[in-house]
Amino acid sequence: MDTKLLARTGAAVFVGLAIATTIVQLREEPAPVRQADRRIWVPDGDPLPAQLRVCAQIGELALSSPDCRAAWAEKRRRFFGVDHPEAYSGIGDKALPESLPSEARREN
């Protein structure tokens, strides 16, 4: 047999097999995609998740909303477990002093 004829025959067989497997794959019914169970825990009587959703929906306006700032502060307080009532207040944030008071400098 001539090598060119053998190569052409091999190529034709390969193409035929590729077409046959494609047809078989297309005829099969696709397996149903199983949706993952989405269970969202919503605590009873806690308005914080609802307020956070509202803040997320209003977008950039939430930055100037005192309600959103208070909700974010409460979320941070719960996340970090801070018990101090003034911690992360979010409302009326004061900048940290740039230098220590003179009394604190004398003690060091």
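1. Burial terms. A residue is called buried when its relative accessible area is under 20%, exposed when that area is over 50%, and partly exposed in between, with a 1.4 Å probe and protein chains only. Arg78, at 41% relative accessibility, therefore counts as partly exposed.

2. Basis of the note. The model is predicted: local features need pLDDT of at least 70 and side-chain atom pairs count only at pLDDT 80 or more, whereas totals for chains, interfaces and linings use all residues. Residues are numbered from 1 along each chain as its sequence is written, and side-chain values use heavy atoms, with hydrogens and water left out.

3. Overall architecture. The chain has four helices and zero strands, in the order α-α-α-α from the N terminus. Helices (H or I, at least four residues) and strands (E, at least two) are DSSP runs, numbered from the N terminus.

4. Surface and contacts. Of the 108 residues of the chain, 10% count as buried. The accessible surface of the chain is about 10300 Å², and 58% of this belongs to carbon and sulfur atoms; accessible areas come from the Shrake-Rupley method with a 1.4 Å probe, and for residues only the protein chains shown count as cover. Among contacts (heavy atoms within 4.5 Å) with a separation of 6 or more, residues 24 or more positions apart account for 17%.

5. The disulfide. A search of the whole structure finds one disulfide, a term that denotes a pair of cysteine sulfur atoms within 2.5 Å. Cys55 and Cys68 form this link, with their sulfur atoms 2.1 Å apart. Cys55 belongs to helix α2 and Cys68 to helix α3, so the pair ties together parts that are 13 residues apart in sequence. The link is left-handed, with -100° about the S-S bond, and both Cys55 and Cys68 are buried.

6. Three salt bridges are found in the whole structure; the term requires a side-chain nitrogen of Lys or Arg within 4 Å of a carboxyl oxygen of Asp or Glu. Side chains of opposite charge can pair when their charged atoms come close. One of the bridges joins Arg78 to Asp46, with the closest N and O atoms 2.7 Å apart. Because Arg78 lies in helix α3 (residues 66-80) and Asp46 in the loop between α1 and α2 (48-58), the pair ties together parts that are 32 residues apart in sequence. Asp46 is partly exposed, at 22% relative accessible area.

7. Glu74 is partly exposed at 24% relative accessibility, as is Arg77 at 28%. Glu74 also meets Arg78 in a salt bridge (2.9 Å, N to O), and these residues of helix α3 are four apart, about one turn of the helix. Through shared partners, salt bridges join Asp46, Glu74, Arg77 and Arg78 into one network.

8. A nonpolar patch. Which residues form a nonpolar patch on the surface? They are Phe14, Val15, Ile19 and Ile23, with about 410 Å² of accessible area together. Patches are made of residues with over 30% relative accessible area and no salt bridge, like charges being joined within 9 Å and nonpolar side chains (Val, Leu, Ile, Met, Phe, Trp, Tyr) within 5 Å. Val15 is found in helix α1 (residues 3-27) and is partly exposed, with a relative accessible area of 46%.
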